Amino acid sequence: KRVDDEWYSVPFYTTANGYKLRLEVHANGDGPGKDTHISVGVRLMKGENDRSLKWPLNSDISIQLLNWREDKGHVGTIINHYNTSIANRTRVVDGETAPESRIVGKFIAHSSLPYNADNNTEYLHNDTLCFRVSKVMIHTGPVIPSWYVTPGTESFYLLPPCTLSMHNFSEHKRAGDHWWSKPFYTGLDGYKLQIRVDANGDGSGEDTHVSMYVYLMKSENDDVLTWPFKC
């Protein structure tokens, strides 16, 4: 913590013939947890099984910081690889590790590490932290989170399955105007779409029905997608 460096675990595998990963711990925090929290991450590594595995990696990895006092009160998080950059979840060819690890910046506050008599917890004992990889789930099909942040921006984009709420329906119906959803993607690297709702109907449904349309939008993924769009 004092020298502000990272600690890397011994590499581990998701199964005997699975993906090779390592746990990374930033004792003095990283990103939003800098100087106040411990940050943890999991990084994909080059492994001897890579040729026979499915790519990109879609995983949920459960990490726990153990309570030295008793076998409960552990601090846990789930680190997933399906809502990070494609470069960090595809097969490692150059070097030994993926470019970046999937980081949880505010895993646990430094102030929560010492012994707490009220909760009977102690996460830092004899200047030692003990982590456990408690569960690994590999998804063989497409796994899509409900939202993600476009890298380098403050824009949130929805991904299915997602819920889109249309507020003030009566006002939209009375005004006869259109309601537009937030943009969403068919997948993490997929097509960008938007929904339009006409509360008072359109065409043959005017004044009697709610009409809905889906619009294809321009996106940063378009150069690598298959066209024309079919869904």
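The pLDDT is the predictor's confidence in each residue, on a scale from 0 to 100, and the views described below all come from a predicted model.

**View 1. Confidence along the chain.** Averaged over the chain, the pLDDT is 84, and 87% of the residues reach 70 or more. Over residues 142-157, however, the pLDDT is below 50, although this stretch has 34 contacts in the model beyond near neighbours in sequence.

**View 2. Strand 5 and the two strands that pair with it.** Strand 5, which covers residues 59-65, has six of its seven residues buried, and it is therefore largely enclosed by the rest of the structure. Strand 8 (residues 131-138) runs antiparallel to strand 5 and is joined to it by seven bridges, and within this pairing Asp-60 stands opposite Met-137 of strand 8. Strand 6 (residues 75-80) is also antiparallel to strand 5, and here the two are joined by six bridges.

**View 3. Ser-62 and its surroundings.** Ser-62 is a residue of strand 5, and its bridge partner in strand 6 is Ile-78. Is Ser-62 buried or exposed? Its relative accessibility is 16%, and because buried means under 20%, Ser-62 counts as buried. When its neighbours within four places in sequence are left aside, Ser-62 is in contact with Thr-77 and Ile-78, and also with Arg-132, Val-133, Ser-134 and Lys-135.

**View 4. The largest nonpolar core.** In soluble globular proteins, nonpolar side chains tend to be buried together. The largest nonpolar core of this model has 23 residues, and those with the most contacts inside it are Leu-65, Ile-108 and Phe-131. At least two residues of this core are supplied by each of strand 3, strand 4, strand 5, strand 6 and strand 7 (102-109), while the largest share, four residues, comes from strand 4. Which residues does Ile-108 touch, not counting those up to four places away in sequence? They are His-37, Ile-38, Leu-65, Val-75, Leu-113 and Tyr-123.

**View 5. Two aspartates with a positive phi.** Asp-35 is not a glycine, and yet its phi is positive, at about 75°. Asp-35 is located in the loop between strand 3 (20-26) and strand 4, and with 52% relative accessibility, this residue counts as exposed. Asp-207, which is not a glycine either, has a positive phi of about 75°, and its place is in the loop between strand 13 (192-198) and strand 14. The relative accessible area of Asp-207 is 57%, so this residue is exposed.

Key
Residues are numbered from 1 along each chain as its sequence is written. This is a predicted model: local features need pLDDT of at least 70, side-chain atom pairs count only at pLDDT 80 or more; totals for chains, interfaces and linings use all residues. Side-chain values use heavy atoms; hydrogens and water are left out. Buried means under 20% relative accessible area, exposed over 50%, partly exposed in between (1.4 Å probe, protein chains only). Two strands pair if DSSP finds at least two bridges between them. Contact means heavy atoms within 4.5 Å. A nonpolar core is a set of buried Ala, Val, Leu, Ile, Met, Phe, Trp, Tyr and Cys residues joined through side-chain atoms within 4.5 Å.
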